[in-house]
Amino acid sequence: MGMTLAEKIIARAAGVTKVSPDEIHWVDVDLAMIHDSGGPRRIWPMLDELGLRVWDPDRVILVADHYVPAQDTNAAKILQTTRAFATEFGISSFYEAEGIAHTLVVEKGHLRPGMLYVGGDSHTCTGGVLGCLALGMGSTDLLGVLATGRTWLRVPHTIRVNIDGSLGRGVTAKDFMLTMIGERGMAGAVYRVLEFIGSGVAEMSVDERSVLTNMCAEIGAKTGVIASDETTISHFKDLGIQVDEGPSSDSDAGYLQSWPFDASEMVPVVARPHRHDDVVPAADVVNTPIGRAYIGACTGAKYADLAMAAEVLKGRRVASGVILQVAPASAAALSRAMSDGTAETLVEAGAQLLSTGCGACPGLGSGVLGPGEVCISTTSRNTRGRMGSPDSKVYLASAYTVAASALAGEVVDPRSVMGVPA
Amino acid sequence: MKVIEGRVWKFGDDIDTDLIVPGRYLMYDVAEIAGHVMEGTRPGFADLVGRGDVVVAGKNFGSGSSREVAARALREAGVVAVVAKSFSRIFFRNSINVGLVPVECEEADVIEESQTVRIDIDRGEVIIIETEERLVAKSLPSEVAAIMEAGGLVDFLRIRIGDDTT
Ligand code: SF4
C-alpha cells in the first residue's frame with residue numbers, strides 16, 4: 001500500500017522509507033513558528049534553565065500578533081520580551097504588527113510544499129494550504145523544537161475530504177467548513193489529518209483554500225493539507241519563488257475514510273453561540289439583532305475576505321446602532337485593499353479600521369465584547385467568553401454574511417443583499 | 001509510572017482551553033491564572049479544587065487554542081491527572097510536557113463527581129474506589145511515557161542533554 005501526503009512528509013522527516021498510522025517517530029523539523037503569546041515569554045526562561053540556544057535561528061519565524069499594539073503595560077512588556085528574544089537569538093524572520101502568523105508564513109513565502117512545519121499555535125494547520133504538514137503544538141513542545149530541531153509525532157490517519165462542484169455566489173470556503181463541522185461535530189476528526197481534494201478545491205484561490213486548512217483546528221484534526229498544484233506554484237511564482245510540485249498521496253494510499261461533498265449544495269451558514277458546531281443556514285436565523293460585526297482573524301480577514309465585505313457594502317451604510325470593525329489579517333492584505341479601493345469602500349460604509357493582528361479574536365486586543373453584546377464575526381471560535389465578556393454572544397460566519405448582517409442590523413443570508421436568488 | 005489516587009471533579013464534553021483559561025487572563029503568570037482555572041465552565045472551581053485532585057471529563061478535552069497554560073494552570077491548582085474519553089492532541093502533548101497525567105478512558109462517563117479514583121497507567125486501568133469498578137484506560141506509548149516519567153519535557157531534555165555530554 002502506498003502512503004498519503006502526510007505519511008510521506010513524516011517518513012522523509014523521520015529518515016525512514018515508510019511510516020504507518022499510530023507509529024511514533026522522532027522527526028527533524030524544517031521550520032518552526034512561535035508568537036508573542038506562547039513564544040519567548042514562556043520559552044526563553046526554559047531555554048535559560050537548560051542552558052541552551054536556538055538550534056537554527058534561520059529556521060525560526062517569530063511573530064508578534066496577539067498583543068499588538070500593546071493595550072496596557074503588561075502587553076507592552078510581553079512585546080519587549082518578544083523583540084529582545086529576536087535580537088538575543090538572531091531570529092531574522094521577526095515580524096511585529098505585520099500580520100497574523102498564519103497569514104504571514106503563507107504571504108511571505110516561508111513555507112514550501114513537502115515541509116514539516118511546526119508552530120506554537122493551534123491554527124498552525126493553516127500552513128497545510130501550501131502542501132506542507134503544518135502542526136500546532138504548545139510552548140514546551142516548541143521549546144524542544146527550538147532547542148533540538150526535533151520532536152516526536154504519532155502518525156495520524158488521513159481522511160480524504162472530496163469537494164466536487166462549485167460554490168454558488170455568496171457562498172464561501174468558510175460556509176463549507178462550518179457546514180462540515182456542523183455535520184461532524186467539533187470532535188469530528190480528532191487526531192486525523194484532513195486532506196482536501198477535488199474540483200471544488202482546485203478552483204479555490206489560496207486565500208479561500210487556507211480557510212479549509214485553518215478551520216481543521218475547529219474539528220479537532222491534527223492538521224489539514226492540500227497537495228500542491230498549479231495554484232500553489234503560481235502563488236510562489238508571484239512571490240518570485242521557484243518551486244516544484246511537492247509530494248502528493250499515492251493512488252493506493254490508505255485513507256481511513258472518505259467524506260464526499262458537493263460544493264454546489266452549500267449555502268451561507270452561521271454557527272450559533274456558544275458552539276462552532278451549532279451550524280444552521282443564515283436564512284433560518286430570524287429576528288436576531290446584532291450590535292457588532294467583526295471582520296478579523298487569520299480565518300476571516302485576508303484580502304479575499306476584505307474584498308467580499310466590500311462587494312456587499314459598496315455604496316451602502318451599516319445599519320444605525322451597528323458597529324462594524326475590520327482588523328486586516330496582514331499589512332499586505334491592508335495595503336492591497338488600500339490600493340484597489342476596497343479599504344475605502346469599507347470605511348465609506350461606516351467600518352472602523354482596526355490594527356493588523358489577532359485583535360478581538362482571542363479576547364485580547366481592540367474590539368473585545370462587553371456583557372450582553374451580540375456579535376457576528378469572521379473568526380473561527382465562539383466559545384463563551386472567547387471574544388471578551390462571558391455574557392456576550394458570537395455568531396460565526398463568512399465575510400459576506402458578516403457584512404450583509406451589518407447592513408441589516410440582524411443576521412441575514414448575504415444573498416438577499418447581493419441580489420442572488422437563494 | 002506511579003499510581004495516582006484522587007478525588008474527582010466531573011466535567012462534560014468539549015471543554016476547550018478558552019473555558020479552562022479564558023483569553024483575558026493569558027497575560028498573567030501561571031500562579032495567578034490558576035486562581036481562575038475552569039472559570040469559563042465552572043466559576044469558583046479554583047477555590048474548591050485541592051492538591052492531588054483529578055478532573056474527569058467527556059470527549060475532546062482541551063480542544064481549541066494551543067495555550068499550554070491550560071494544562072499548567074490545572075497542575076498549579078493541584079490537579080494531578082485528567083481522565084477523559086478523548087483529548088485534543090495539543091492538550092494531550094502539553095499535559096505530558098508539563099507533568100499533568102492525561103488518561104484516555106472511554107468509560108469515563110461512569111465516574112461521578114466526588115468519587116475517588118485510582119489510576120494505574122502502566123496497567124491501563126482506572127478503579128473507582130467507592131464501587132470497585134475497574135475501567136480500561138489506554139497506557140502511554142513508551143516514547144511518551146519516558147517524557148512523563150522524567151517529569152515533563154524540560155526534565156527529559158535535561159537528562160538527554162546530560163547523556164549527550166557524558
Ligand atoms: S487571529 Fe485568532 S485564531 Fe488566528 S492566530 Fe490570532 S487568536 Fe488565533
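Which side chain does a polar contact of 2.7 Å join to that of A:S377? The partner is A:T379. A polar contact is a pair of N or O atoms within 3.5 Å; within protein, one must be able to donate a hydrogen and the other to accept it, and residues adjacent in sequence count only if both atoms are side-chain atoms.

This is a predicted model, in which local features need pLDDT of at least 70 and side-chain atom pairs count only at pLDDT 80 or more, while totals for chains, interfaces and linings use all residues. Residues are numbered from 1 along each chain as its sequence is written, chains are lettered from A and ligands numbered from 1 in the order in which they are written, and side-chain values use heavy atoms, with hydrogens and water left out.

**Buried sites in chain A**

A:S377 belongs to strand β17 (residues 374–377) of chain A; helices (H or I, at least four residues) and strands (E, at least two) are DSSP runs, numbered from the N terminus. Its relative accessible area is 0%, so A:S377 is buried. Buried means under 20% relative accessible area, exposed over 50%, and partly exposed in between (1.4 Å probe, protein chains only). Leaving out residues up to four places away in sequence, A:S377 touches A:K174, A:Y294, A:M387, A:V394, A:Y395, A:L396, A:A397 and A:V402, where contact means heavy atoms within 4.5 Å.

The number of disulfides over all chains is zero, a disulfide being a pair of cysteine sulfur atoms within 2.5 Å.

| Residue | Relative accessible area |
|---|---|
| A:C125 | 1% |
| A:C216 | 0% |
| B:E68 | 4% |

**Nonpolar cores**

A nonpolar core is a set of buried Ala, Val, Leu, Ile, Met, Phe, Trp, Tyr and Cys residues joined through side-chain atoms within 4.5 Å. The largest core has 113 residues, and A:F85, B:I20, B:M38, B:F61, B:L74 and B:I119 touch the most other members. Helix α1 (residues 5–14) of chain A provides the largest share of this core, seven residues. Apart from this core lies another, of 60 residues, including A:Y95, A:L111, A:M204 and A:F236. Setting aside neighbours within four places in sequence, B:M38 is in contact with B:F11, B:I15, B:L19, B:I20, B:P43, B:F45, B:V55, B:F61 and B:L74.

**Interface of chain B and chain A**

The contact draws 45 residues from chain A and 36 residues from chain B. Together the two chains bury about 3,600 Å², with 56% of it on carbon and sulfur atoms; buried area is the accessible area (1.4 Å probe) that two parts lose on being put together, summed over both. On the side of chain B, the residues that lose the most area to chain A are B:M27, B:R89 and B:R93, together 23% of what that side buries.

Four salt bridges cross the interface, each a side-chain nitrogen of Lys or Arg within 4 Å of a carboxyl oxygen of Asp or Glu. A:E49 and B:R158 meet through their side chains in a salt bridge of 2.9 Å, N to O. Helices α1 (17–20), α4 (69–76), α5 (89–98), α6 (142–150) and α7 (153–165) of chain B each supply at least two residues of the side that touches chain A. Of that side, α7(B) gives the most, with seven residues.

B:E68 sits in the loop between β2 (54–57) and α4 of chain B. Not counting residues up to four places away in sequence, B:E68 touches A:G138, A:S139, A:T140, A:D141, B:N94 and B:V98.
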